[in-house]
Amino acid sequence: AVIQERRSFGALGWNIPYEFTMGDLSISVRQTKMMLDEYDQDQFKSLNYLIGECNYGGRVTDDKDRRYLLCVLSDFYRTNIFDDNYSLSASGTYKCPPGDPTFQEIIEYIGNMPLTQLPEVFGLNDNADITKDQQETNYFCETLLSTDSASAGGGGGGSKSVEEILDELAAEILSKVPQPFDRDRAMKKFPIRFDESMNTVLAQELIRFNSLTESVLSTLIGLRKAIKGLVLMSTELEEVGTALRNGKVPGGWAKRSYPSLKPLAGYISDFLARLTFIQSWLDKGQPAMFWMSGFFFVHAFMTGGMQNFARKKSIPVDTLNFEHVMMSGTEYSHAPEDGVYVYGLFCEAGRWDKLRGSLEESEPKILFSAMPVMWFNPKEQPPPNSLWKEEELDENGSPVGDGFYCCPLYNTSARRGVLATTGHSSNYVCPIVIPTQRPQSHWIKRGTALLMQLDD
């Protein structure tokens, strides 16, 4: 019930909404009964593996979802489950029936539970209900938009027609979007150098941004001409007009774009901010702090940071991984000796507490919080272990924390992505190690993650 109903919270619950079946449940129940009946000692570790890796886990394809599945199973398959005082939620509302109840007593006990499930039973924060309601509202609005006729014209009374509105909107966007970058001039100022990999990153970013800019400019100019009857209204231009009228990003732009779930207005503002960031780099030189969300392909940026360090120290780049340091300041005028300063990340289902220097619970009704400036410091060390491992328990049976949380970083709040030809996910970026006083299981069940950008 917990893993099935957690799907209603969208990406906060599961990155991918899996279709678990009654067959998964029945075989898990039979295996649990067999393990309890045929062995004198508890076999909870074996059951965790069978159910988390085989029965239910066999359907799970995302490693972060698998980590959550094994984490939540450890709450149920443990010796504390036989303790009448053991609670499955922070408030103590959800517990197993005490003593040795009969079947009828179990039914009555379940009937006395709250009719509306609180987010805490899924390990989520109370803000998760707000997230779920927003997702349902957005789905309802998108459904209404899809039923709206694309050919709805303007009426009388002096109101503007759809064509006039589209023409004005296209003209407004065209007035804001600059011309593509001059790559030849940029390459003269920032030539490809062995000791500065960031110049290569910049060159690649210019190619990608120019491709998107040319697509935006050409389609908007073509749309304005088609509205005036100067050229034929093609299928592509018609799709662009429909998307603009509905406040969405046209599909042709999205194919050449960085991952984004923003509506049209937010997308244009974000696009212009990215162009400004790149233009500032071209005009003033390499920045001391990098807007991490402003890159088209952020993996290339991180590789460039490690490559500079590897060439400086003459060590293999594949032995390096970033150490993540949360900085206390908000502005830095000079770059670090090694690594890079980055900013612009957001935390969902958590927040960074500057006073305590750790990851803490979200404030009520605040779904996202800005993360501090981070120092990505390259070091010769193994990558952070983002897999689930059984936590040690204290004398009260509570999990003991490791002092950090291996937090996934995603491009968008959808979290779900596909594997690209480069070997990278289209959404997942990398794990970020964040100090915290709570155990990792707490944040795993919260669905806590970092995001490169918000949806507004």
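Me: Is cysteine 71 buried or exposed?

Reply: Buried means under 20% relative accessible area, exposed over 50%, and partly exposed in between, with a 1.4 Å probe and protein chains only. Cysteine 71 has 0% relative accessibility, so cysteine 71 counts as buried. This is a predicted model, in which local features need pLDDT of at least 70 and side-chain atom pairs count only at pLDDT 80 or more, while totals for chains, interfaces and linings use all residues. Residues are numbered from 1 along each chain as its sequence is written, and side-chain values use heavy atoms, with hydrogens and water left out.

Me: Where does cysteine 71 lie, and which residues does cysteine 71 touch?

Reply: Helices are DSSP runs of H or I with at least four residues, strands are runs of E with at least two, and both are numbered from the N terminus. Cysteine 71 belongs to helix α4, residues 63-76. Contact means heavy atoms within 4.5 Å. Leaving aside residues up to four places away in sequence, cysteine 71 touches Trp388, Ser441, Ile444 and Lys445.

Me: Which residues make a nonpolar surface patch with Met22?

Reply: Accessible areas come from the Shrake-Rupley method with a 1.4 Å probe, and for residues only the protein chains shown count as cover. Here Met22, Leu25 and Val29 make a patch of about 300 Å². Methionine 22 lies in helix α2, residues 22-38, and is exposed because its relative accessible area is 62%.

Me: How many aromatic pairs does the structure hold?

Reply: A pair of aromatic rings is described by the distance of the centres and the angle of the planes. Rings of Phe, Tyr and Trp (its six-membered ring) pair if their centres lie within 6.5 Å; planes under 30 degrees apart count as stacked, over 60 as edge-to-face and the rest as tilted. The structure holds 23 such pairs. Ring pairs join Phe277, Trp281, Phe290, Trp291, Phe295 and Phe301 into a cluster.

Me: Which ring does the charged end of lysine 64 sit over?

Reply: A charge sits over a ring if NZ of Lys or CZ of Arg is within 6 Å of the ring centre and within 35 degrees of the ring normal. For lysine 64 the ring is that of tyrosine 428, with the charged end 4.1 Å from its centre. Lysine 132 lies over the face of phenylalanine 9, 5.1 Å from the ring centre.

How values were computed
Patch = residues over 30% accessible without salt bridge, like charges linked within 9 Å, V, L, I, M, F, W, Y side chains within 5 Å. Salt bridge = Lys/Arg side-chain N within 4 Å of Asp/Glu carboxyl O.
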